[in-house]
Structure formats: C-alpha cells, structure tokens
Amino acid sequence: MTGIAEATRIGGSVDAHKGTGEDMPDGRQDSGAMSAMLEVRDLVVSFQGAKKSWNNAVEGVDFSVRQGEILGIVGESSCGKSVTSFSIMRLHNERSTKYQGSITFDGSDIFSLSPKQLRELRGGDIGFIFQNPMSSLNPLMTIGQQLRETVHAHQTSLGKEEVEASCIEALEDAGSDDPKAWMERYPYQLSGGMLQRVVIGIALINHPKLLIADEPTTALDVTIQMQLLKVLRGLRDKRGMSIILITHDMGVVAQMCDRVEVMYLGQIVESAPVDELFAHPRHPYTQGLLAATPPLDGDRPERLSTIPGSVPQLSEVAGSGCRFASRCPFVADECRKSVIDMQSIAERHGARCIRLAEIGEFRKVAS
Amino acid sequence: MGRYVMKRLLSAVPVLMIVGIIAFALSHLSGGDPARVVAGNDATTEQVEAIREQMGLNASLPNQLWTWFVNMLHGDLGYSYILNEKVTPTILSHVFPTLSVALFGELIALAIAIPLGVLAADKHGRLADKIVLAFATLTTSLPSFLAGLLLMILFVLQLKLLPASGFVYPSDDFAGYITHLILPAVSVATLQIALISRMSRSSMIDALGSDYIRTAAAKGLPRSKQLWGHAFKNSSIPILTIVGQSFGELIAGAIVVETVFNVPGIGQLVVNSILRRDYQMIQGIMIFVALVFIIVNLITDVLYAVIDPRIRERSF
Amino acid sequence: MTEATAVTHNKPAKTRRGSNSWWNAVLSSPSTMIGGGLLLLIALACVLVPWLGNMDGYTTNTSAMLLSPSAGHPMGTDNVGRDTFTRVLLGGKASLTVGISVAAISGVIGFVVGLYAAYYPKIGYLLMRICDGLMAFPAILFAIVFIGSFGQSTRSVVLALSIVFVPMVARVVRSATMTNMNENYVQVLVNLGSGSFRILWKNIVLNVIGAWIVEVTFVFADAILVEAAMSFIGAGIPQPQASWGNMLYDSRTYIYSAWWMTVFPGVALALTVFVINMFGDGLREVFDPKRRR
C-alpha cells in the first residue's frame with residue numbers, strides 16, 4: 001500500500017510544493033488560519049424533493065484549501081462530491097436548494113454575496129471545469145466567441161487586441177498547440193481532449209485564484225487524461241493557483257494532490273495529506289477504495305478487491321449511525337447507535353469511525 | 001450551401017408529386033361529371049360533350065394526370081370555366097392582401113410569443129409560467145375568425161378605434177395599410193401565439209437544463225446573456241420548425257379572417273368561388289397554398305443551416 | 001446535478017405503467033378531471049336539454065326577430081326569430097358529433113397506418129410521403145375542395161376532415177412505435193421469431209396507446225374548429241341546420257345590431273374547445289410524464 005504514495009508523480013516541481021505545504025498549519029485543526037484560500041465549514045446542502053420535503057445531499061462537510069494547494073475530493077459516484085463543489089459557486093438552482101454552514105473564499109462569505117458579486121466571482125476569481133467537455137460548450141458558437149464573452153463579462157475596459165491576446169494566452173496555458181486556429185472552430189470540429197483544454201482555457205482566462213475541476217478527465221481517454229492532469233499541475237506551478245480536484249480515481253489523487261478528503265454518502269469520512277492517507281488509511285471505506293485501486297508501479301495483483309454492495313440511498317441510512325455500516329467488514333452494534341463524529345488521529349489526519357483502534361488491531365493480526 | 005439548397009429542393013419533388021396526385025384525385029374520383037357541373041343543369045348533351053372535350057376529360061386518366069401535372073409545373077393551375085379566366089393570374093392578383101395579413105400576423109405572433117415563452121421557461125414552475133401556459137391554451141381554443149369577430153365588436157363598435165373593414169394598398173396610403181391590417185393580423189396571430197409560445201417555452205426549458213448553460217453561469221455571464229445569447233440560439237431551431245409547420249394554418253387562418261374584415265384577398269376569392277361553385281378555382285388555390293407551404297419549409301431548412309454549423313457542414 | 005437527483009429520489013422511476021395506475025393518474029390529474037367533467041356536462045346539455053325541453057330551433061317567427069336576451073329568450077333571437085339558446089345547444093350537438101366522428105375515424109385509421117408504417121420501413125416511407133403531401137394542404141381548403149366534389153353534407157364534412165387528420169395521428173403513432181421498436185424487449189421478440197401481428201398488437205400497442213389517446217383528443221378539438229371555420233364561410237354543414245359556424249355566419253350581417261348572435265355561439269365554441277384542450281393537456285401529463293412541465 002505504501003508504494004502508491006511514492007509512485008511516479010507528474011511534473012518536476014512537486015516536491016518543492018509539498019515541502020511548503022507541510023510547513024503550513026492545517027486549516028482543519030486551526031480554523032483561524034489566515035492562509036486558507038477557501039474554507040468550508042459545516043456545509044449542509046439540501047434539495048427540495050417531492051411534496052415540498054427537503055433532502056440533505058451533503059451534511060457537515062468541513063475542509064479548507066490553501067493557496068497553491070491541490071485538494072482532492074474522492075469517492076464513489078453520488079457521494080456528494082459534485083454537490084459540494086457546485087455549492088462553492090452556488091451553482092445549484094437557488095429556488096430548490098438550501099445551504100447551511102459557511103463557505104468563505106478569500107475572506108468573503110459566499111452565501112451573503114449579492115447576485116452581482118456572485119457573478120463577478122464566477123469565472124473571475126474562481127474557475128470551474130466540468131466533467132463532460134462535449135456538452136459543456138455551446139454547439140452553435142465558435143470557441144473564440146465563448147472565450148471572448150468570458151473576458152467581456154469580467155473585464156469591460158479591454159481593447160479588442162488585448163482580449164484576443166488573453167484568449168490566446170489562456171488556450172496556450174491549457175495546452176493548445178494552435179490557439180488561433182482553434183478560436184475559429186465550432187465545438188463539433190474539435191476532439192474531446194481539445195474541448196477539455198478549451199474548457200480549462202475558459203476557466204483560467206480571467207486568472208482565477210481557485211480552480212475547481214469536477215472529474216475533468218473522466219469522459220476522456222487515458223492518454224489524454226495524463227496530458228490534461230499535467231496541464232493542471234503545470235498551472236498550479238506556474239500561476240500558484242489553488243485547485244480542487246474531484247475524482248473517483250485514487251490513482252489520480254496519488255499523482256496530483258497534496259491533501260485528500262474522502263467522501264461517502266454526503267459526508268467526509270477521512271481527511272489527510274496524500275502521503276499519510278496512502279501510507280496509513282484508517283477508515284474502512286478508504287481502505288476499501290485503496291484496495292480496489294491498482295498500484296501505479298510494481299506488480300499488479302491478480303485480482304483487485306472490491307467493496308461489497310453498492311452505495312445505498314442517503315434516505316435509507318440518514319440518522320442511523322455510521323453511513324458505511326451496511327458495507328463495512330468491521331461493523332459492530334455500536335456503529336449504528338449514534339451519529340459518528342470525526343475522530344482525530346494524527347495532527348492533520350481524521351476519520352469518521354469509532355472502531356479505529358479495533359480495526360488497527362485487526363489489521364495487525366491479519367498481516 | 002448551394003448543394004444543400006439543391007438537395008432540399010430535390011427532396012421537395014416527391015411531396016410536390018403527391019400533392020398533385022391528391023388534388024387531381026379529389027376532382028376526378030367523385031361520382032359526378034365535372035363537365036355537367038360546369039355546363040349547368042339546363043345544358044344539352046351536345047353542350048356537355050363539347051365542354052368535356054374542352055376540359056380534356058376524354059383522354060385516359062393517366063394522360064389527364066400527366067397533362068395536368070406538366071401544366072402545374074409550368075405554373076398553370078387550370079382554367080376556371082365559370083369565370084372564363086386562367087386560375088393562376090386570378091390567384092396572383094389576390095395574393096398581396098392575404099400575404100400582408102399572414103406575414104404581419106406572424107410578426108405580431110413572434111414578437112409576443114417568443115418573449116412569453118422565454119419568460120415562462122426562465123420562471124419554470126412559477127406563477128408567470130402558469131399564466132403563460134393558461135394564455136396559450138386559451139389562444140389555442142380561439143379560432144382566428146372568432147377572434148376577428150370579437151375584436152371587431154370591441155375595437156370597432158365599442159371603442160371606435162380602428163377601421164372596421166377593407167384593405168388599403170401601401171402605394172396609396174401606407175398608414176391606412178397598417179391600420180387596416182392590425183385587426184386581421186392580430187386575429188390570425190392568436191393560434192400562432194399559442195403554438196410558438198409553447199414551443200419556445202419547452203425548447204428553452206430543455207436548453208436551460210443543458211451543460212453549456214451551466215458553463216455560461218460558471219463563467220459569470222448575466223442571466224440575460226445565458227437566456228438570449230446561449231439558450232435562445234439553441235431553441236431557435238425548434239421554434240423555426242413550428243413556424244414552418246404551421247404556415248399552412250396561418251394562411252388558412254388569413255383566408256377565413258379576410259371574410260370577416262372584407263379584405264380582397266384569396267379568402268374572398270375562395271368564398272366567391274364557393275358561391276359560384278367554381279371548384280377549379282378552389283382547387284387551384286389549394287395547390288397554390290400547398291406550394292407556398294413547401295417553399296416556406298424549404299426556406300426554414302436553409303435557415304437551419306444558417307443557425308447550426310453542423311447542418312451546414314453535413315451539406316457540403 | 002445528476003448526483004443530486006440520485007441522492008434525493010429514493011424510488012426508481014417507473015418505466016411502464018399498468019392500466020390500473022393509469023386510471024389512478026387520471027383521477028389525480030386535476031385538468032383531466034375538470035376538463036373531462038366539463039366536456040361531459042356540455043355534451044349532456046347539448047343532447048338532453050333540447051330533447052327534454054322539446055325545444056324548437058328551426059321554426060322562423062317574424063314577430064320575434066332580433067330580440068335581445070330576455071327571460072323568454074336567454075340568448076336572444078336571430079334574424080328570422082329563432083331562439084339562440086336552443087340553436088346554441090343544437091349547434092353544439094352538431095359540432096360535437098362532427099368532432100367525435102372525425103376523431104374516431106381518423107384515430108382508428110391513423111393508428112393502423114402509423115403502426116404498420118413503423119414496422120415495415122419501406123411501406124412506411126411511402127405512407128409517410130403521402131402524409132407529407134396531405135399535410136401540405138391546410139385542412140380547411142382540402143375539405144372545401146372535397147365537399148365540392150362529393151357534395152355538401154355533414155357526412156362529406158366528416159369524411160373530408162377524417163382524411164385530413166389521419167396523417168397527424170399516423171405520425172404520432174409511428175414515432176411512438178419506432179421508439180418502442182428500438183427497445184430491447186421488442187428486439188428479443190423479433191429474434192425469438194414472434195410474428196409481426198403478435199408483436200404489434202400484443203406488445204407495442206399498450207405502449208403506444210397513451211400517445212394516441214392524447215393526439216386523438218387534440219384531433220377532436222381541431223375538427224370542431226375547422227368545421228366551424230368551414231361553416232363560417234358557407235362551405236360546411238349545410239344551412240339551415242344549426243351549427244356554431246353556421247350561426248356565426250348568420251351573425252355577421254347583424255354584428256352592428258345584435259351582438260348576442262355572435263357572442264353566444266362564439267363563446268360556446270371557444271369554451272368547448274378550451275375544455276377539450278384542457279382534457280388533452282391533462283391526458284398528456286398522465287400518459288407522457290417525461291414531457292410533463
């Protein structure tokens with residue numbers, strides 16, 4: 001298991017960044033940290049369902065992102081990763097969504113922003129990269145039009161040449177080899193990988209401080225996936241922006257991230273620096289995820305293990321203790337009795353599990 | 001682009017042929033003798049026979065169809081034995097008022113229906129949406145001629161605001177042309193408003209739910225830009241489709257409404273032909289309107305290609 | 001967004017509904033119930049009231065011409081002294097008869113045509129081109145020419161309108177059938193060697209019938225509108241038979257002096273069509289939940 005964290009990382013300047021990262025105080029332990037770019041505190045997002053009832057999609061989510069940090073949010077599908085990331089820019093339909101808790105970005109409270117301030121934030125200081133590049137762009141507009149309007153929405157004073165120059169710069173930074181030609185094209189004339197570079201270009205055209213990438217490579221080929229992850233890492237290194245990377249792929253986390261939040265059914269179940277998480281995963285769910293991920297180097301095991309069962313509906317488990325109980329190999333009666341809080345393990349490592357000690361014993365015996 | 005237009009033109013040929021066959025069959029499959037109808041009840045057998053020869057009814061049915069079809073392609077829609085006039089020039093002399101009413105009505109409908117549809121989609125599920133939907137159901141239920149009668153009672157008899165009836169050519173008096181057009185045009189617009197507002201609402205709801213609108217929101221574009229710059233562009237193809245498909249109904253509405261407001265257009269020609277039992281003329285009008293319908297749909301096909309680069313690409 | 005819905009909806013969406021749940025859905029859809037109820041009420045009034053009250057809508061009475069609404073004549077009298085209220089009811093009977101007949105005839109023919117046009121693509125192509133041709137004619141012009149050839153009678157009106165509306169029904173049934181043809185269960189049946197009759201009439205029919213009922217309801221409303229327009233220009237149901245279109249035709253000369261001759265049959269026409277449309281919209285929500293908005 002430990003091999004994964006040391007596995008080949010993309011880009012050369014990683015270690016330097018990790019070094020600075022480890023010197024900083026952790027946002028989780030020290031909530032007053034000045035260096036946090038984004039702080040999410042006790043976030044609850046609920047959607048209006050049938051018959052005016054409100055269903056929580058995400059509960060008690062707590063995390064922070066520092067400047068220049070790449071934070072990974074990982075978990076199976078429908079565990080609340082995207083709901084969390086959309087909430088940072090309040091992209092959910094405001095009429096059928098209720099937010100509780102707080103999200104503070106660069107000192108300002110997201111939930112008290114006026115519509116105008118919110119608009120300035122979106123595509124300005126925060127850039128967003130969506131999952132499916134084929135449908136994320138308007139099919140009837142050229143790439144150039146879609147880039148230019150993003151500049152115009154935020155910087156009204158620029159002249160024509162300046163707008164053009166920043167479009168080309170953004171596309172180049174996103175890894176385009178021929179930005180001028182791309183600008184003339186319509187989305188259907190570009191491949192999926194090229195389109196995702198365009199989407200990245202749109203996200204960073206106004207020099208954001210934070211980039212949120214929601215499964216940016218899931219819809220693409222593996223080879224293109226690698227190139228794009230390299231582009232994202234390069235952006236962090238060149239521009240010093242923070243990145244939130246949402247993925248279901250532990251391999252991507254290992255290559256890209258400084259810190260990881262593991263989510264399950266609307267809650268963060270484990271939070272740790274990436275090396276720590278891969279070396280000492282504590283929550284049974286994290287352990288399951290890692291056991292299901294092929295190591296990046298060394299021998300591939302003949303069979304990868306899987307987590308038994310599938311993600312249940314949130315409504316079936318809410319309020320009845322640990323949400324992972326139905327799939328957990330270490331489940332005990334006490335797990336189902338009360339709400340489980342985050343247990344602190346090391347200085348910057350926490351897990352939402354009350355049987356950490358027993359699980360540790362069990363693992364020792366097993367090995 | 002030229003190739004695309006050619007392809008569309010060619011695809012209209014089978015429809016045109018079927019239109020011709022149906023129209024031909026209508027007048028030749030009835031039990032009665034068209035020559036007898038034209039000659040009238042008092043005519044002698046010899047007179048009927050002479051008319052039958054003149055009408056070409058003695059040739060075999062396929063021959064008649066062929067002659068008739070070739071004539072149609074040459075723009076000859078037949079001969080009215082009752083007026084002793086060719087059908088085509090008579091129709092053409094009545095086209096301008098009808099087209100004025102229809103196109104003015106379409107403009108009014110678009111100007112009202114599209115903003116309503118976009119508003120309803122933006123406020124989907126809320127009060128404004130429900131009001132638009134109710135309004136659309138109401139206007140679907142109001143036939144254009146009835147709308148015309150009711151508008152006449154209201155604006156002409158009660159409020160005395162607008163001229164009651166008639167038609168003024170724009171070359172004579174442009175202001176008069178417009179004021180005489182308002183009531184008939186609003187009357188034919190009712191059904192179009194219902195169709196177009198429903199279509200723009202539902203296609204806008206689809207468009208607003210799509211990923212590129214989410215991208216537009218995440219880029220920080222204002223709502224107005226998301227609606228009109230992004231979503232509406234993508235909704236315009238279904239809207240164009242409904243406009244094309246309902247064009248026949250628009251003309252039909254104009255024809256009926258003309259009789260309410262005494263507009264000397266195709267409608268008046270239809271009604272007079274009914275009174276004169278001049279079915280050659282009505283048949284000619286039927287084909288003429290079908291041709292206009294086909295042409296309008298060709299134009300909408302070309303407009304698709306103007307709006308959507310993917311359609312343009314496929315046609316090259 | 002997909003994740004959100006997956007989390008919040010705890011029951012899997014139903015793909016096929018049994019007839020029982022259809023009925024429950026009809027009962028719980030207000031516009032279907034109100035529209036259907038009002039339609040029934042209008043139909044009963046038009047059929048029963050003139051019959052029970054032994055009312056006369058045809059005898060002219062020169063001493064009671066153009067009377068404005070009063071207790072004796074709640075909707076006034078027309079230019080030859082006939083009671084407008086009676087004629088509105090009788091006209092409703094005529095309009096509804098035409099509408100129901102047209103809906104039934106074009107509904108049945110359109111259903112069969114659409115079903116087979118979807119199952120046999122070559123025949124389907126030909127049938128659909130004929131439908132395109134028919135749809136190029138505005139309904140009212142086609143019907144007027146038809147009447148010119150086959151004589152002016154209620155039967156001709158019904159036949160002409162039935163022909164005009166077959167393509168509309170056939171198109172809807174064809175596309176619904178084609179959607180179903182692509183479903184796995186049909187492909188399995190085809191591979192198992194089931195005959196076309198069995199597949200079409202035992203399996204697909206149940207999934208197409210919802211869309212068909214909705215379309216037939218709208219044909220019902222449209223047929224009433226076109227019949228009224230035809231009668232209004234003097235080429236529909238022959239005079240002196242009462243029909244809303246005929247009454248509006250009569251009213252035009254007196255629009256300056258006798259508003260009731262226009263307003264009452266006009267409102268009756270619009271109200272009836274509105275009620276049918278409401279019923280149809282309700283049915284669409286019941287049978288086609290995907291398009292529910």
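Here is a walk through a predicted model, taking chains A, B and C in turn.

Let's start with chain A and its sheet. This is an open sheet of 4 strands, and if you read across it the order is β2-β1-β4-β5, with antiparallel pairing. The edges are taken by β2 (54-66) and β5 (108-109) of chain A; each has a single partner strand, so one side of each is left without a neighbour in the sheet. Now look at β1 (residues 36-48) and β4 (residues 97-105) of chain A, which run antiparallel and are joined by 8 bridges. Helix α2 of chain A, residues 81-88, lies across β1, β2 and β4 of chain A, and its direction makes an angle of about 115° with β1(A).

Where they touch, domain 1 of chain B puts in 18 residues and domain 2 of chain B puts in 20 residues. Which helices build the domain 1 side of that contact in chain B? Those that each supply at least two residues are α5 (87-122), α12 (266-276) and α13 (279-307) of chain B. The largest share comes from α13(B), with 9 residues. Sorted by class, that domain 1 side of chain B has 12 nonpolar, 5 polar and 1 charged residues.

Two of those helices, α5(B) and α13(B), also pack against each other. To see who meets whom, find Val87(B), Thr88(B), Thr90(B) and Ile91(B) in α5(B), then look across to Gln280(B), Met281(B), Gly284(B), Ile285(B) and Phe288(B) in α13(B). The residues of this contact between α5(B) and α13(B) come out as 5 nonpolar, 4 polar and no charged.

What does the record say about chain B? An unreviewed UniProt entry places the feature "transmembrane region" at residues 9-29, 95-119, 131-157, 177-196 and 285-307 of chain B. You can check a couple of these spans against the model. Residues 131-157 of chain B are 89% helix and 0% strand, with 29 Å between the end C-alpha atoms. Residues 177-196 of chain B are 100% helix and 0% strand, and here the end C-alpha atoms lie 26 Å apart.

Chain B also meets chain C: 41 residues of chain B are in contact with 39 residues of chain C. On the chain B side, the elements giving two or more residues are α1 (2-28), α6 (127-140), α7 (144-158), α8 (174-208), α11 (247-261), α12 and α13 of chain B. Here α13(B) turns up again, giving the most to this side with 9 residues. By class, the side of chain B that touches chain C has 31 nonpolar, 9 polar and 1 charged residues.

How values were computed: Residues numbered from 1 in each chain as written. Chains lettered and ligands numbered in written order. Predicted model: local features only at pLDDT ≥ 70, side-chain atom pairs only at ≥ 80, totals over all residues. Pairing = 2+ DSSP bridges. Contact = placed C-beta atoms within 7 Å. Axes fitted to C-alpha atoms, helices over the stretch in contact; angles between N-to-C directions. Nonpolar A, V, L, I, M, F, W, Y, C, P; charged D, E, K, R; others polar. UniProt positions renumbered as here; feature names shortened; annotations may be inferred.
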